[in-house]
Amino acid sequence: MAVSSYAMQSILANPMMGMSTRSRVNHFGIPAMYLRRNVSLRVRSMAEEEKQSEPAVPVTPPPSVEPVKQPKVSTKFSDVLAFSGPAPERINGRLAMIGFVAAMAVEVAKGQGVFEQISNGGIPWFLGTSVIFTLASLVPLFQGVSVESKSKGFMSSDAELWNGRFAMLGLIALAFTEYVKGGTLV
């Protein structure tokens, strides 16, 4: 153990040892003799050898730590649907994501613009989808489940908010572009 420790110390303390300073250059073209470091580095092992004569000390488990409880989320109707509450932007974003994808799919498949889709029977579909997704979004919120508690990794609550915001902007841009253009986008 002592020999390997000494070898590591000597290698780390003098990295240029054993190299020819005239022929070695780094990838920037600077000769190695200019790169010599004045570093004094010592490596020391803190491990102790186990004594065979002493019995092993039993490991005691750490004291139990109570999990940190999340603050209770308000389930009052006025708090959930408040302007800065958890529901309005999320519900509008979810509906905008579905609406944008549906509007683009119908436009590509049938060649109908957004306004034409709405006037040709799109209002019942819009109302039905809005009611279903609003109720599906409100049920967990009224049960006290926060959106952030179900957020993990790639599918985070922040990603959902941003995707909803971009979908809202996309729907407005699609409708505005079709209005200015006077026809479908595709």
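Let's start on the inside: the largest cavity is lined by Glu89, Arg90, Gly93, Arg94, Met97, Glu160, Leu161, Gly164, Arg165 and Met168. Helices α3 (88-110) and α5 are the elements that give two or more residues to that lining. Keep in mind that this is a predicted model, where local features need pLDDT of at least 70, side-chain atom pairs count only at pLDDT 80 or more, and totals for chains, interfaces and linings use all residues. Residues are numbered from 1 along each chain as its sequence is written, and side-chain values use heavy atoms, with hydrogens and water left out.

**The overall build**
- The protein chain has five helices and zero strands (helices are DSSP runs of H or I with at least four residues, strands are runs of E with at least two, and numbering goes from the N terminus).
- Of the 186 residues in the protein chain, 16% are buried (under 20% relative accessible area, with a 1.4 Å probe and protein chains only).
- Take the contacts (heavy atoms within 4.5 Å) with a separation of 6 or more: residues 24 or more positions apart account for 68% of them.

**The surface**
- The protein chain exposes about 15,200 Å², and carbon and sulfur atoms supply 65% of it (areas come from the Shrake-Rupley method with a 1.4 Å probe; for residues, only the protein chains shown count as cover).
- Phe115, Phe176, Tyr179 and Val180 form a nonpolar patch with about 510 Å² of accessible area together (patch residues have over 30% relative accessible area and no salt bridge, and nonpolar side chains are joined within 5 Å; a salt bridge is a side-chain nitrogen of Lys or Arg within 4 Å of a carboxyl oxygen of Asp or Glu).
- Helix α5 (residues 157-181) gives the largest share of this patch, three residues.
- Val180 sits in helix α5, and Val180 counts as exposed (over 50%) because its relative accessibility is 57%.

- One cavity of 30 Å³ or more turns up in a search of the whole structure (on a 1 Å grid over the protein atoms alone, a cavity is a set of points where a 1.4 Å probe fits but cannot get out; lining residues have an atom within 4 Å of a point).
- The largest cavity has a volume of about 40 Å³ (the space filled by probe spheres set on the points, which are joined across faces, edges and corners).
- The largest pocket has a volume of about 670 Å³ (a pocket is an open set with protein on both sides within 12 Å along at least five of seven lines).
- Among the 22 residues lining the largest pocket, Gly99, Gln117, Ile118, Gly122 and Phe126 lie nearest its centre.
- Helix α4 supplies the largest share of the largest pocket's lining, 11 residues.

Notes. Patches are made of residues with over 30% relative accessible area and no salt bridge: like charges are joined within 9 Å, nonpolar side chains (Val, Leu, Ile, Met, Phe, Trp, Tyr) within 5 Å.
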